[in-house]
Amino acid sequence: MELRVLRYFLAVAREQNITRAAESLHVTQPTLSKQLMDLEEELGQKLFVRGKRKVTLTEAGEFLRRRAQEIAELADKTEEAFRKTDGEISGDIWIACGETEGMRILVRAMKKLHERFPDVRFHLYSGNDADVADRLDKGLADFGLFVGTADLDKYDHLGLPFSDTWGLLLRKDHPLAAKAGIERDDLKEIPLLCSRQALEQNEFSGWLGGNAGKLHILSTHNLVRNTAIMVEEGLGCAVSLDRLVNTQGTTLVFRPFSPPLKADLVIVWKKYQVFSRPAEKFLALLQEELGG
């Protein structure tokens, strides 16, 4: 597979129309159609369902779209690193991060770097720890921010000097809102909107003391913003980290678990990573922010 052909494929997947994709790529429609048919023949799979006005991806096409996007992003990132002159500090820094107030540490370093080198650009990707690790391992992120227990064997890392707190996001009129802390038994009888990260990490199941199977998990999420709307509408209570949702002036409150359940925060990058010059400068500023 040629990178050029994968970009052709991505254009058609994006436009859902071969004519519009050909125009955006500045190639003729017959040329593009032949490239796509050759790609399907090479892979031995049908990638598109061709309608009169619209093409849609098959299951194999969706799989290829995800992989092709990763390959194209990595190629663009690599080309960008070689495009800069020796004395120039400009380019892109790619950061994958979990949702956490600890992101402020990275933002402060980003602000300082931007003030010194305004041609540096930042690209953020938010997800849970599995998403962050996946982008790091595939070379699609220079740095990652893990929240909670993580396998750090593959990474160099900087620990942040504070942690987040797990608890429950709920409506102010919910009976549990009157409590200062949410205990294990409080979770048994209520519908829970649960962070997938909380379910996947051992510390939460450990905190539950073997009661995880007794919970009523109504839905799961990896980012909390839309889940907060579900809580506002009375669908359930959300297991979440503190400070992710600003509850001031809303119908919501956050109550921590009791006994407390903490999540450590760690900035990571791949071992033996060869950084671009902007990424080197950014790491130095991170170490400065953390007093290292």
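Me: Which residues do ring pairs link into a cluster?

Reply: The cluster consists of Phe122, Phe143, Trp269, Phe275 and Phe282, joined by ring pairs. Rings of Phe, Tyr and Trp (its six-membered ring) pair if their centres lie within 6.5 Å; planes under 30 degrees apart are stacked, over 60 edge-to-face, and the rest tilted. The model is predicted: local features need pLDDT of at least 70, side-chain atom pairs count only at pLDDT 80 or more, and totals for chains, interfaces and linings use all residues. Residues are numbered from 1 along each chain as its sequence is written, and side-chain values use heavy atoms, with hydrogens and water left out.

Me: How many aromatic pairs does a search of the whole structure find?

Reply: Two values describe a pair of aromatic rings: the distance of the centres and the angle of the planes. The search here finds nine pairs. Take Phe146 and Tyr155: their ring centres are 5.7 Å apart and their planes stand at 70 degrees, so this pair is edge-to-face. Phe146 is buried, at 3% relative accessibility. Tyr155 is buried too, with a relative accessible area of 3%. (Buried means under 20% relative accessible area, exposed over 50%, and partly exposed in between, with a 1.4 Å probe and protein chains only.)

Me: How far apart are the ring centres of Phe204 and Trp207?

Reply: They lie 6.3 Å apart. The planes are at 10 degrees, so Phe204 and Trp207 are stacked. Both sit in helix 8 (residues 202–208), three residues apart, which means about one helical turn separates them. Helices here are DSSP runs (H or I, at least four residues), strands are runs of E (at least two), and both are numbered from the N terminus. Phe204 is buried at 3% relative accessibility. Trp207 is buried at 5%.

Me: Which residue lies over the face of Trp207?

Reply: Arg184 does, at 5.8 Å from the ring centre. The rule: NZ of Lys or CZ of Arg must be within 6 Å of the ring centre and within 35 degrees of the ring normal. Arg135 lies over the face of Tyr125, at 4.3 Å from the ring centre.

Me: What about the backbone? Where is Gln16 placed?

Reply: Most residues other than glycine have a negative phi, and most peptide bonds are trans. Gln16 has a positive phi, near 60 degrees. It is in the loop between helix 1 (3–15) and helix 2 (18–25). At 33% relative accessibility, Gln16 is partly exposed. Arg243 also has a positive phi, about 70 degrees, although it is not a glycine. Arg243 is in the loop between strand 9 (237–241) and strand 10. Its relative accessible area is 42%, so Arg243 is partly exposed.

Me: Is the peptide bond from Ser258 to Pro259 cis or trans?

Reply: It is cis, with omega near 5 degrees. Pro259 lies in the loop between strand 10 (252–256) and strand 11 (262–270).

Me: Now the whole chain. How many helices and strands does the protein chain have?

Reply: The protein chain has 10 helices and 11 strands. Its C-alpha trace spans about 65 × 50 × 35 Å along the principal axes. Of its 292 residues, 43% count as buried.

Me: How much of the contacts with a separation of 6 or more comes from residues 24 or more positions apart?

Reply: They account for 73% of those contacts in the protein chain. A contact means heavy atoms within 4.5 Å.
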